[in-house]
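Grab your viewer and load the model.

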Amino acid sequence: MSPRFLMMTALPEPGLGMLRDVGEVVDGADVGGDEALARLCASGDYDVVVAALDQKFTAEVLADAKVKGIANYAVGHNNIDVAAATEAGIAVGNTPDVLTEATADIALLLLLGVARRAVEGEAMMRGGRFEGWRADLLVGKDVAGATLGLAGFGRIGRAVARRGLALGMDVVFAPRPPAHREVSFAELGEFAGKVEQVRWEELVERSDYLSLHVPLTEDTRHLVDADVLRRMKDDAVLINTARGPVVDEAALVAALREGRLFGAGFDVYEEEPAMAEGLADLSNVMLLPHLGSATRGTRAAMAELTARNAIGMATGGEIPALVNPEARR
Ligand code: GLV
Ligand code: GLV
């Protein structure tokens with residue numbers, strides 16, 4: 001029997017065509033709710049679920065699941081209880097590498113946008129309020145020579161480090177905060193001698209720009225809380241392109257309202273698509289709707305990798321980006 005793919009997300013080409021070439025593609029995107037997802041996964045009708053971040057594969061959803069795998073159309077997989085999937089022998093795939101540069105670009109866009117007050121400037125132009133050059137108009141924050149602090153030094157963190165160095169910034173990083181795991185000289189590779197490794201506590205206090213590049217786990221939930229916000233420099237900028245819950249969004253709004261921090265740039269939110277009350281009323285924040293990987297080339301590459309993962313899961317073949325190798329017995 002040819003494999004059956006349950007599509008919980010609209011997979012772009014070339015991914016969709018690749019799945020159609022090997023099996024049957026069934027659209028499940030409109031079923032709604034955890035219970036419906038659990039029922040579909042337990043039905044025995046599908047080999048692999050192709051999913052996105054808005055489907056939550058909790059232990060309950062996975063309890064009676066009969067699928068061989070979940071191919072997540074994202075690098076982050078905090079929407080899936082991977083331990084429960086592994087326990088159930090269900091492979092989980094994701095899309096690393098292919099979205100690294102695009103996501104790093106969004107971090108850079110937010111950094112520069114907040115530093116140079118692009119949101120206020122744009123609004124001024126569209127509102128017809130530009131009255132000519134003035135020495136004190138929307139004066140921003142310097143970038144060259146400033147300290148860029150990276151929380152996390154994985155693929156995306158490193159791509160942001162490269163951009164920071166190109167801008168003449170001093171780049172410091174804390175690997176895997178809040179715990180510390182020293183990155184060896186060999187692991188630093190091209191960054192050896194160019195970036196400085198510090199502990200999380202020091203990173204918080206030294207960064208002019210603090211950019212988050214950690215996965216969402218129990219350890220990183222509210223990594224940036226009221227206490228961390230208090231310890232940051234008064235005129236620091238916080239950038240989040242990782243996962244919303246890494247920041248206590250209400251505490252951030254409170255800090256900004258009190259006039260602490262220079263500003264913040266966000267691509268992800270704690271309760272997407274909602275935002276903390278008051279966030280959108282602040283003029284010194286730049287807010288994007290989770291666009292990290294949203295370029296044509298990146299999305300095509302993600303779709304292809306997702307399809308290759310899904311086909312490998314369905315056919316017992318190679319799974320190029322397998323999150324939980326222990327699941328394959
Ligand atoms: C997007 O947020 C992703 O994890 O790919
Ligand atoms: C996360 O998976 C990253 O690529 O940094």
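The exercises below go from model confidence to the sheet and then to one residue.

This is a predicted model, where local features need pLDDT of at least 70, side-chain atom pairs count only at pLDDT 80 or more, and totals for chains, interfaces and linings use all residues. Residues are numbered from 1 along each chain as its sequence is written, while chains are lettered from A and ligands numbered from 1 in the order in which they are written.

**Exercise 1.** Look up the confidence scores of the protein chain.

Solution. Start with pLDDT (the predictor's confidence in each residue, from 0 to 100): the chain averages 96, and 100% of the residues score at least 70. Then take the complex: its ipTM is 0.71 and its pTM 0.95.

**Exercise 2.** Work out the strand order of the open sheet and find its edges.

Solution. Strands are DSSP runs of E, at least two residues, numbered from the N terminus, and two of them pair if DSSP finds at least two bridges between them. The 5 strands read S2-S1-S3-S4-S5, with parallel pairing. S2 (24-27) and S5 (91-93) each have a single partner strand, so one side of each lacks a neighbour in the sheet. Now zoom in: S1 (residues 4-7) pairs with S3 (residues 48-51) over 3 bridges, and Leu6 sits opposite Val49 in S3.

**Exercise 3.** Why does Arg163 count as partly exposed?

Solution. Count C-beta atoms, placed from the backbone, within 10 Å: 20 or more others means buried, 12 or fewer exposed, in between partly exposed. Arg163 has 19 such neighbours, so it counts as partly exposed.

Note on methods
Helix = DSSP H or I, 4+ residues; strand = E, 2+ residues; numbered from the N terminus.
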